[in-house]
Amino acid sequence: MALTVAELIEELKYMDQDAYVHFSYNYGDHWRTEVAPVVVGVSEGYVVDSDYHRMPKVVEEDDLYDEETGDIDPDVRRVVIIG
């Protein structure tokens, strides 16, 4: 289950307020190294599920709309992106 903004705020209020923020992921190397780059910002954006990547991918605003109808693609979700 995905974490909501409210749940993230709830978790963060118990953390050291002066600590730097990182995010972690498996680098995909032979040793399955877990890396943790720093977070440099928080923004709102859009994602859509990618079969190729087997996870959500960021959608640029130019690609939000269905070319035939002009409506926002129903598969696109507005999210908070930490990066």
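Tutor: Let's start with one residue in this predicted model. Arg 54 is exposed, because its relative accessible area is 77% and the cut-off for that word is over 50%.

Student: Where in the chain is Arg 54 found?

Tutor: Look at the loop between strand S3 (42–50) and strand S4 (55–59); Arg 54 is found there.

Student: What should I look for in its backbone angle phi?

Tutor: Here is the general idea first. Most residues other than glycine have a negative phi. Now the case at hand: the phi of Arg 54 is near 60 degrees, a positive value in a residue that is not glycine.

Student: What is the phi of Arg 32, and where is Arg 32 found?

Tutor: Arg 32 has a positive phi of about 55 degrees, and it is not a glycine either. You will find Arg 32 in the loop between strand S1 (25–26) and strand S2 (34–35). Arg 32 counts as exposed because its relative accessibility is 66%.

Student: Let's move on to charged pairs. How many salt bridges are there?

Tutor: To spot one, look for a side-chain nitrogen of Lys or Arg within 4 Å of a carboxyl oxygen of Asp or Glu. By this rule, the count is 3 salt bridges. One of them joins Glu 10 and Lys 13, whose closest N and O atoms are 3.1 Å apart. Glu 10 has 36% relative accessibility, so it counts as partly exposed.

Student: Which salt bridges link distant parts of the chain?

Tutor: Take Glu 44 and Arg 78, whose side chains meet in a salt bridge at 2.9 Å, N to O. This pair links distant parts of the chain: Glu 44 is in strand S3 and Arg 78 in strand S5, 34 residues apart. Both Glu 44 and Arg 78 are exposed.

Now find Arg 77 and Asp 49, whose side chains form a salt bridge at 3.2 Å, N to O. That pair also links distant parts of the chain, with Arg 77 in strand S5 and Asp 49 in strand S3, 28 residues apart.

Student: Next, the surface. Which residues form a nonpolar patch?

Tutor: The idea is to look for nonpolar side chains with over 30% relative accessible area, joined within 5 Å. Here, Val 5, Ile 9, Val 42, Val 80 and Ile 82 form such a patch, and together they have about 440 Å² of accessible area. Helix H1 (5–12) and strand S5 (77–82) each supply at least two of the patch residues. Val 80, for example, lies in strand S5, and it counts as partly exposed because its relative accessibility is 40%.

Student: What is the volume of the largest pocket, and which residues are closest to its centre?

Tutor: The largest pocket has a volume of about 640 Å³. It is lined by 18 residues, and Val 47, Val 79, Val 80, Ile 81 and Ile 82 are the closest to its centre. H1, S4 and S5 are the elements that give two or more residues to this lining.

Student: Which element gives the largest share of the lining, and how do the lining residues divide by class?

Tutor: S5 gives the largest share, with 6 residues. By class, the lining of the largest pocket has 14 nonpolar, 1 polar and 3 charged residues.

Note on methods
Residues are numbered from 1 along each chain as its sequence is written. This is a predicted model: local features need pLDDT of at least 70, side-chain atom pairs count only at pLDDT 80 or more; totals for chains, interfaces and linings use all residues. Side-chain values use heavy atoms; hydrogens and water are left out. Patches are made of residues with over 30% relative accessible area and no salt bridge: like charges are joined within 9 Å, nonpolar side chains (Val, Leu, Ile, Met, Phe, Trp, Tyr) within 5 Å. Accessible areas come from the Shrake-Rupley method with a 1.4 Å probe; for residues, only the protein chains shown count as cover. Helices (H or I, at least four residues) and strands (E, at least two) are DSSP runs, numbered from the N terminus. Buried means under 20% relative accessible area, exposed over 50%, partly exposed in between (1.4 Å probe, protein chains only). On a 1 Å grid over the protein atoms alone, a cavity is a set of points where a 1.4 Å probe fits but cannot get out, and a pocket is an open set with protein on both sides within 12 Å along at least five of seven lines; lining residues have an atom within 4 Å of a point. Grid points are joined across faces, edges and corners, and a volume is the space filled by probe spheres set on the points. Ala, Val, Leu, Ile, Met, Phe, Trp, Tyr, Cys and Pro count as nonpolar, Asp, Glu, Lys and Arg as charged, and the others, Gly among them, as polar.
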